[in-house]
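Try each task on your own before you read its solution.

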Amino acid sequence: MVKSYDVIVVGSGAGGGVAAWVLSVEGLRVLLIERGWQRTYADVPVDHLRNERLPVYGHNAGPDDRHVRVIASKVDGPGTSVLPHQPGYHNNAAAVGGGTLVYGAQAWRFMPQDFRMATTYGVPAGSSLADWPIGYDELEPYYSSIEQEMGVSGEVHELHGERQRSYPMSPFEPNPQRKVLEAAARRLGWPVAAVPLLINTRTFNGRPACGRCGMCVGFACPTDGKNGTQNTLLPRALSTGHCTLLTRTVVTGIETDARGDVCGVSVYSERTGSPIRTSIKASAVVLAGGAIESARLLLASRSKHHPLGLGNRFDLVGRNLQGHCYSGAFGLFSEDLHDGLGPGVSIATCKFNHGNDGIVGGGMLANEFIPLPSTFWHRNFPPDVSRWGEPAKRFMRDNYRRVMQVHGPVHDIPSPDARVTLDPNIVDPFGTPVARLSGTTHPATIDVARFMHERAVEWLTAAGAVKVWGQPPGLHLTGGQHQAGTCRMGADPQTSVTDPFGRVHGHDNLFVMDGGVHVTNGGFNPVLTILATAMRSAEHLGEQFNARPKTRPARAG
Amino acid sequence: MGSTMAKLNPNPAASPQWPTLRAVFDRIIPRDEHPSACDAGADRHAANVLSGEAADRWPTIQTGLALLDEAAISLGGVFVNLPESSQDRLLTMAENGNLPGNWPIPPSRWLRMMCDLTAEGYFGDPGTGGNIDRAGWRMIGYDPGVGGSRW
C-alpha cells in the first residue's frame with residue numbers, strides 16, 4: 001500500500017466495484033477500500049436463521065457488531081442502539097462485492113417515467129418528489145454495458161424504454177408458477193415477461209450456469225453462477241495492475257487540506273491483523289459505501305471549512321432516505337407449484353408501475369424466490385391457521401409447495417424527514433459518530449402500497465388461488481438493501497448534493513457513486529440503476545483525468 | 001417477572017423446566033407419520049440460542065413454563081405427566097389468554113414465541129442443531145440441492 005493514489009474508492013459493492021473497474025481500465029491508480037472481508041462461497045455461512053435476508057439471530061456477510069446504528073422516530077428524540085442484524089438497522093452486506101455478493105440479483109432498468117416523477121405526477125405536499133437531472137436516454141448505453149459486462153438473463157418487457165441490445169442470456173425455462181401466473185395475466189389482459197436477473201442461465205464469462213439451489217437471497221452462490229461485482233468487474237480491475245484492493249479497512253473520515261479541498265481519507269485498517277491508523281492521500285475520492293454510510297461519512301467529515309460536513313451547506317446530506325416498501329399477497333393453490341428449482345422468481349408485470357388513475361407512481365409485481373422453510377414459517381402463513389399442533393404441521397407439510405407469493409417494490413414517495421444524521425451521543429470504536437436513522441417514507445407511499453396489494457390479490461385470484469391473504473405495509477422508514485436518495489443528484493446546488501455526474505457540489509474531486517445519488521428510486525430493485533449511474537459517473541471522472549480512451553463500448557449495429 | 005426466576009440461566013437445558021419445554025415443543029409439532037419437534041432435535045436448537053444469542057428470552061420462557069405447570073396441577077398433574085389431550089387444553093387456554101398467574105408477557109405471545117422457536121429448530125438448516133437428518137425438509141418437500149452440500 002503506497003501513500004498516494006489518483007482515486008480512492010470507498011466501498012466495493014455495486015457502485016464501488018464499477019468505479020474501480022472503469023477507472024483502472026482508464027489507467028488511473030485506484031485504491032479500493034472495503035471495511036468487510038473478501039469472501040468465497042465457503043466464507044459465507046449458509047445458516048437459514050443467520051443470513052442477510054432472514055437475520056433472526058445474526059447474519060452472514062458483515063458488518064460485525066462494532067458497527068452499530070441508532071434508530072429514532074424523531075431526529076432529535078430518544079434513540080435506540082441496534083446491531084447490524086437487528087430490525088431497523090437497514091443493513092446491506094459489508095464484504096467485497098457488497099450487497100451484490102448475496103443479493104437475489106433482480107436486474108431491472110428503471111422506466112423513463114421513473115426519472116421524471118415530479119413532471120409526471122406533481123409533488124405531493126410535504127414530499128420531496130423530484131425529477132432526476134438525467135433521463136433514461138442518458139443511462140441507456142450504461143444499462144446496456146452493465147448487462148453485457150456482468151451478465152443478465154431476461155426478456156424484454158413491452159412497457160419499458162427502448163434498448164440498444166437484447167439481453168446476453170435468455171431467461172430460465174418457465175416454471176409452474178410462471179405458467180399459472182402467465183395464463184392469469186393473459187385473461188386479465190396484463191403484459192408480463194420474465195424477471196431479469198444478474199444470474200447465468202448458461203456458461204458466461206467462464207463461469208457456469210446457475211445450479212438451481214434456490215438460496216439466492218441472502219447467501220453467496222455455490223456455483224458462482226450469480227453475478228456480482230466481486231466476480232465480474234473487480235477481477236478485471238485488479239488484473240489491470242492499476243487497482244489495489246484493501247479489505248478489513250474502515251474509512252473514518254474524508255480529509256481536507258488547509259484550503260478545505262479533499263485530499264484523501266483517514267482509515268483504521270485491520271488488513272494485516274494488528275490495527276493501523278493512517279491517512280492515505282488521493283487526487284480524488286469516490287464514496288460508494290451505500291446511501292446510509294456515504295451520507296454518514298460526508299456528515300462526519302467536519303472541519304473549519306466544512307462545519308456541517310462535506311457537501312452539506314444546505315442541510316441536504318442524509319435526507320430523502322429511500323428504499324422500497326414491499327406490498328403484495330399470498331395465494332394457496334390446490335396443486336403443487338414448487339418444482340424445487342431456484343431462483344423461483346420468474347414472472348413480472350410492469351403494468352402498474354405508472355399510469356394508475358389517481359395514484360402517484362406504482363410498482364412492479366412479480367412472484368417470489370423460493371422461500372426458505374424458515375422464511376415460509378415466519379412470513380407465509382395465513383392469519384387464520386393455527387401455529388401449533390397438527391393443523392400447523394399439516395399446513396407446512398401439505399402447502400409449502402402450494403403457496404405462491406406475488407409482491408413487489410412500491411415506488412417510494414420520498415420525504416425530506418426520512419434521514420441519516422449523526423448520533424449526538426454514540427461514537428463507534430473507530431472514532432466516528434454513528435448513523436442515526438429517523439423519519440418515515442412519505443405517507444402517500446402507503447396509498448400506493450394498498451393499491452399494489454389489491455393488484456396482487458387480483459392476480460392471484462385470477463390465477464385460481466383457493467385462498468388469498470396478506471396485508472399492505474404500514475408507514476415505516478425504508479432503506480435497507482435498496483437504500484438510496486441521501487445524496488441526491490441535481491443541477492442546482494441549493495436543492496441537491498451532487499451534480500448529474502455524482503460530483504459533490506462545491507468540490508472538484510469528491511464524488512458519490514452509489515444509490516445515494518438517486519433522486520427517486522423507481523418501482524424496481526435499484527441495483528442495475530446504481531451500476532449504470534456509477535459507470536456513467538466514473539467514466540466522466542476518468543475523462544477529467546485525461547487518461548486513455550473511454551471504456552464506453554461501441555453502439556450495437 | 002417471577003421472583004424465583006429472575007436470573008439469566010446460562011444452561012437452560014439443565015433447568016428444572018427443560019422437560020416441560022420439550023413436552024410443549026412436542027405438542028407444537030406432534031409426532032405423527034413424521035417426527036415430532038424433539039424427535040428432529042428442535043430442542044437442541046432451542047438450547048443453543050437460549051444459552052447464547054437469545055439468552056435474554058430465557059427468563060420469560062422459563063417463567064411461562066413454570067406457570068404452565070402450576071395451571072397443569074388443576075388438570076391432574078405437572079405438564080409432562082398429563083395426557084396429550086390435557087396438554088393441548090392448556091396450550092389452548094394459553095392461546096386464549098386464560099391461564100392464571102403473573103405472566104411477564106401475555107400467554108398467547110408466550111405461546112407464539114415457543115411456536116417460532118420450535119419451528120426454527122424443525123425447519124431451519126441442520127447446522128442450527130435441529131432438523132436432524134433433514135426430517136423437517138423431507139416432510140415438506142424442500143431440497144436445496146447444490147446449496148445443501150455444506151451440511
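Predicted model: local features only at pLDDT ≥ 70, side-chain atom pairs only at ≥ 80, totals over all residues.

Residues are numbered from 1 along each chain as its sequence is written, chains are lettered from A and ligands numbered from 1 in the order in which they are written, and side-chain values use heavy atoms, with hydrogens and water left out.

**Exercise 1. Describe the fold and dimensions of chain B.**

Step 1: Start with secondary structure, where helices (H or I, at least four residues) and strands (E, at least two) are DSSP runs numbered from the N terminus. Chain B has six helices and zero strands, in the order α-α-α-α-α-α along the sequence.

Step 2: Turn to the radius of gyration, taken over C-alpha atoms, and the globule rule, 2.2 Å times the number of residues to the power 0.38. Chain B has a radius of gyration of 16 Å, close to the 15 Å that the rule gives for 151 residues, so it is as compact as a globular protein of that length.

Step 3: Check burial, with buried meaning under 20% relative accessible area, exposed over 50% and partly exposed in between (1.4 Å probe, protein chains only). Of the 151 residues of chain B, 54% are buried.

**Exercise 2. Characterise the interface between chain B and chain A.**

Step 1: Count contacts, meaning heavy atoms within 4.5 Å. In this way 41 residues of chain B touch 35 residues of chain A.

Step 2: Compute the buried area, the accessible area (1.4 Å probe) that two parts lose on being put together, summed over both. The two chains bury about 3100 Å², with 58% from carbon and sulfur atoms. Ile140(B), Tyr142(B) and Arg150(B) supply 22% of the area that chain B buries against chain A, more than any other three residues.

Step 3: Look for salt bridges, each a side-chain nitrogen of Lys or Arg within 4 Å of a carboxyl oxygen of Asp or Glu. There are four between chain B and chain A. Asp32(B) and Arg397(A) form a salt bridge at 3.8 Å, N to O.

Step 4: Ask which helix gives the largest share of the side of chain B that touches chain A. That helix is α5(B), with nine residues.

**Exercise 3. Compare the surroundings of salt bridges within the chains.**

Step 1: Take Arg178(A) and Glu182(A), whose closest N and O atoms are 3.1 Å apart. Both lie in helix α4 (residues 176–188) of chain A, four residues apart, about one turn of the helix. Arg178(A) is buried, at 7% relative accessibility.

Step 2: Go on to Arg319(A) and Asp315(A), a salt bridge at 2.8 Å, N to O. Here Arg319(A) is buried at 15%, whereas Asp315(A) is partly exposed at 33%.

Step 3: Finish with Asp43(B) and Arg22(B), at 2.6 Å between the closest N and O atoms. Asp43(B) lies in helix α2 of chain B and Arg22(B) in helix α1 of chain B, so the pair ties together parts 21 residues apart in sequence. Asp43(B) is buried at 10% relative accessibility, while Arg22(B) is partly exposed at 34%.
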